[in-house]
Amino acid sequence: LTKLFTYTQLFPSYINRICTGAVLYVLLFFTSSVNAQSISREYTIKAVFLFNFTQYVDWPRTSFTNGEKVFVIGVLGADPFGKYLEEVVSGEKVKGLPIVIRRYADVKDVKGCHILFINYKESGQLKRILHMLPKQVLTVSDVEGFAREGGMIRFLTENNKIRLRINLQAVREGDLNISSKLLRLAEIVNP
Amino acid sequence: MEQLSLPVLSCKPVSLLSLWPFFKPFFFMNKLYLTRATVCTAFCFCRSWLRLTVTLIILLVVQQTVYAQDSSITAAAELKRMSIEELMNIEVSLVSRTPGKLSEAPSAIQVITNEAIRRSGATNIPEALRLVSNLQVAQVTSSAWLISSRGFNTIFANKLLVMIDGRTVYTPLFGGVLWEMQNVLLEDVDRIEVVSGPGGTLWGSNAVNGIINIVTKNTANTSGFYASAAAGSFVRNMAALRYGGKVKNVSYKAYGQTMYRNPMLATDSTENADAWRVFQSGFRADWEGKKDAITVQGDYYTGTKKEKAGNSDFIGQNVLARWTRRFSTSADMTLQVYYDRYDREDVASNGSDKMKTLDVDFQHRFPIGSKQNFMFGVAARLVKDQADYTKNFAGILPVTKRLDLFSAFVQDEISLTDKLRLTLGTKVLHNVYTGIEWQPSARVSLNATNSSTIWAAATRAVRTPSRFDVDYFLPQFPVPPTSASVAGGPNFRSEKLYAYELGYRVKPNKNSTVSVAGFYNFYKDIYSVEPLPGTLTYQIQNGSEGESWGAEVTASYNILRSWQVRGGYTFFDKKLQAKEGHNFNPDYLGNDARHQAMFQSMIDLPFGLQLDATWRYVHGLPKTIATNSVPAYFAIDVRLAYLYRWLELSIVGQNVNLERHAEFGGFKIPRSVYGKLSIRI
């Protein structure tokens, strides 16, 4: 450390000025938490994926016949997206319907939902949840074994990047149609 | 935003030490108490701190404005514009400026992935760089490589910036890279990014003709046990060991590797005395929180090179820490500090060179409104060189010299329309030889369609002097002007480049990419060695000038899921001459290939087999006053591997079609083969 200080003694004075400025600047910003988002980068990307699914998936006509003129993206369980999901879909439309975000604490509350992100840490409950949901809901999650257990799209992280795993059988049972473009980029699993 | 950096620079001179007592109380306070009011009151007590207070207020105001118009909404729009493929290519965790910024930059960039490196059979970084079609890689001896982009490949190739995980590794002794000391565990290399063309605005000095950025994997992705051993005819043996794990949310790894390489062949095809070995070990730890990421890493290496006169040893260490705080997807701040030292002996000149570097680098990036992405940075590099060649006839004088470098940059990326972006920036740096230098650049990029980009750039870059330009004396003692001598370059200035580039990048479909770039470079004040009028005393001067031009084409194509190919072709030509009133032949400053091509194929066969091959063509190098001509060559490397769960067995033939070939000078590389066993658990 003494060595380091001898170094600083050798600086010309303008270096000291710059250092002072730098220290102030860094301290101010690094100690601040003004408006800093608490949502992780991973979920900002996943949120955009959820929105993108609206462009790559066709829902059967019957899933739009409940009278509500909205397209619903739901989050079941703790919400990892914060307000970000709203930001992503604000002003966007699917087949002329505005997109709304709904949050559900229990699977029983899920109604009229088109895409559902399931955030349940206990995969034990997963089977029950998937069984209780209407078949036409595009189910998405990052829970381990989601696609195997009958979920439709699972996010997984490989090499620090997001990959998709799609259970095609579950998708077909729901009468959903996923575009081949998306399918090509995903890994297909059969339970 | 101009006022942003100016007040910082103009506040009253106070040392870090004298500042500390004022900061101490705030430092331990909860961040919530560091409000505008408390800070101001505290600092207003002291009148001599007035300017500091003003600075602080301005900073606070800036901070508020920057984050009041937080970028998250813009960021969402930005992410939404991306295709699914692009989304799948975004790194999920925090990344420093290094990777993201390079690939976004409208410039001629090529990225070599870990897979391409592994499947090429490359055994070290210079061999891996042969996979970049616009780099000219020439192996001179068993332990020396000359690597350049866009020309000027010589023994003192000095116009390239090379970084390993954010640590600059060209030596300010001569401005080039000592490649034998730059070993990394190739298994853990995430990718190598290569930009041909100048990048001095964002990146450091020396980024005149290109940048090589070697990025190792985050330790979150290198968990587990890796071991490999290899034996062969040119690479005599190699072994590597790595273990990675995770404690709470800190991932870590430690590794060690050793390599012993056989000699090349002399001109008469006998063994040249240049066998060498190197051992390197190191560690890396990564921690990631919600907003912050911290990386700490370090390496230790030691090696011995055999030479005719005996053995030359080298040893070095480095340690680096980097702290990134992310405010949103388009605003972040990075602080990086590293210390690096090496000590190399040179038995031939009975000398040694000890270099110590302490580098501090800070940068901050944030959007201004919805149309601009602003970025600035400051850096200080304290370098002490001790080049002790006093027992030799030629030497570097004075032996010990400080080579400090201070720099700052600003860059603003402006969206003119939805598709048209303009990036303006400049770097200003201060070096010990020439004082202040400017490196401005302007780039425009047009997203013609979703999958294609046209870009153009005009840049000024400088190559600041190295010790070999200024402090080189032959002989070391003063001689009368009537006998021949080289007496340094007391008036040597920076070499300047004015570069004009035009490029086009397109993704015709999801399986292929094509990129084309053309350039015209004008060089001013290039190196020369000339006698002072009426004497035999030579001085190093800036007596040359010239121009160069060329084109680079690269492409990749996934023919099948199991068959990928990539390749490229580079055309390069230049014209160098002595400036008016100067008498020097600058031809030997660049032994450059006019044509160069590379093609790599990677095939997955059934039963866990892989069959890979690399073809390289390098056009002949013309004879100069200092070097012999080198005939054109066409070399093939082949790799066959068998993978079974945690086991990988491979056999690699290098230069299989050439019994021996020279790439620079007279020494020849023999045809060779090695077998390798790797285990990943």
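This is a predicted model: local features need pLDDT of at least 70, side-chain atom pairs count only at pLDDT 80 or more; totals for chains, interfaces and linings use all residues.

Visitor: Is the pair of B:W145 and B:W276 stacked or edge-to-face?
Guide: The ring centres of B:W145 and B:W276 are 6.5 Å apart, with 70 degrees between the planes. Planes over 60 degrees apart meet the criterion for one class. The pair of B:W145 and B:W276 is therefore edge-to-face.

Visitor: Which strands of chain B does this pair link?
Guide: B:W145 and B:W276 are 131 residues apart, so the pair links distant parts of the chain. B:W145 lies in one strand and B:W276 in another, namely β3 and β11.

Visitor: Is B:W145 buried or exposed?
Guide: The relative accessibility of B:W145 is 4%. Because the cut-off is under 20%, B:W145 counts as buried.

Visitor: What is the geometry of the pair B:F599 and B:W615?
Guide: The ring centres of B:F599 and B:W615 are 5.5 Å apart. Their planes stand at 50 degrees, so the pair is tilted.

Visitor: Which residue lies over the face of A:Y43?
Guide: A:Y43 belongs to a cluster linked by ring pairs, with A:F49 and A:F53 among the members. At 4.8 Å from the ring centre of A:Y43 lies A:K46.

Terms used:
Residues are numbered from 1 along each chain as its sequence is written. Chains are lettered from A and ligands numbered from 1 in the order in which they are written. Side-chain values use heavy atoms; hydrogens and water are left out. Rings of Phe, Tyr and Trp (its six-membered ring) pair if their centres lie within 6.5 Å; planes under 30 degrees apart count as stacked, over 60 as edge-to-face and the rest as tilted. Helices (H or I, at least four residues) and strands (E, at least two) are DSSP runs, numbered from the N terminus. Buried means under 20% relative accessible area, exposed over 50%, partly exposed in between (1.4 Å probe, protein chains only). A charge sits over a ring if NZ of Lys or CZ of Arg is within 6 Å of the ring centre and within 35 degrees of the ring normal.
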